[in-house]
Amino acid sequence: MPDEHVKELVELLQLERLEDNLFRGQSRDIGTRYVFGGQVLGQALAAAQQTVDPSREAHSLHAYFLRAGDIDAPIVYSVERARDGGSFSSRRVVAIQHGQPILNGAISFQVPEKGFEHQSGMPEVPEPEDVEPMHRVPQDDLARLPVKLQRWLGIDGPFEFRQVWPRNELHPAKRPPIQHIWFRLTSPINDSAILHRAMLAYASDFHLIGTATLPHGISYLTPQLQMASLDHALWFHRPFRVDEWLLYSFDSPTAQGARGLARGQIFTRDGRLVASTAQEGLIRLRAE
């Protein structure tokens, strides 16, 4: 049976239908100052999916984060049925809070079909059982952080993450902008491929833009550092389960102009490439 955190995430992705193309979702406080971007991505995908024939599978999502989301207010998702063709369906989604858009997105769906196949190889990394779970920040260090960060670092979530190359986020050393992280849900869920895709959209926002901080000896815990996701792209390639181990392999090819670009590839443990991601984010060191 799913644990409480997984149950809560499943419920979070089951939106209330207000009208044919209008949906309402709630928010989960995971200790961040604003609504977690992955939550909005997952709910936007869930909203669009409800306007498409279930036989059509999401294959790409492109979104811009426009405003920070209010954790204490519901989010309304307005879906525009842009096109339904013979093989593909396209949807535009706007997430709205307090009368203002907080996300604009476009999602494409396809009737499954066979075709040519090739993929990048999976990096050679230790098996997830051979990688230690991520350690909590020591209590003495945690007590010196802002209250919101204490909550973020102290709250358990629905996903377990294991970093192949751990680093100390409080005292980050400079290193190349590459990282590999195993992740999975903390307990099993049902077989719905639609739910697993929405769950992956949620999880795909973790650790992505942080890859662009690695060469600079900074992290999200660095004082005066402002970080925020600006956009997000996600492509689904092959079937997967988020309650089984997946490897998220990241790199960041560039950072400039107070922005960093990060890319990700998600593999099953047997080496199948199941999804790809890309994200540009704000990385700005503010004056004290």
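Residues are numbered from 1 along each chain as its sequence is written, and side-chain values use heavy atoms, with hydrogens and water left out. Because the model is predicted, local features need pLDDT of at least 70 and side-chain atom pairs count only at pLDDT 80 or more, whereas totals for chains, interfaces and linings use all residues.

**View 1. Helix α1 against helix α5.** The axes of α1 (residues 4-12) and α5 (residues 193-203) come within 10 Å and cross at roughly 105°, where axes are lines fitted to C-alpha atoms, for helices over the stretch in contact, and angles run from 0 to 180 degrees between N-to-C directions. α1 is therefore roughly perpendicular to α5, a term that covers angles of 65 to 115 degrees. Val6, Leu9 and Val10 of α1 meet Leu195, Met199 and Tyr202 of α5, contact meaning heavy atoms within 4.5 Å.

View 2. Val52 sits in the loop between α2 (37-49) and β3 (57-65), helices (H or I, at least four residues) and strands (E, at least two) being DSSP runs numbered from the N terminus. With 7% relative accessibility, Val52 counts as buried (under 20% relative accessible area, with a 1.4 Å probe and protein chains only). Apart from neighbours within four places in sequence, Val52 is in contact with Ser89, Arg91 and Phe109. Val52 and Asp84, 32 residues apart in sequence, are 8.5 Å apart in space, C-alpha to C-alpha.

Technical notes
Parallel < 35°, antiparallel > 145°, perpendicular 65-115°, else oblique. Buried < 20%, exposed > 50% of the residue type's maximum accessible area, 1.4 Å probe, protein only.
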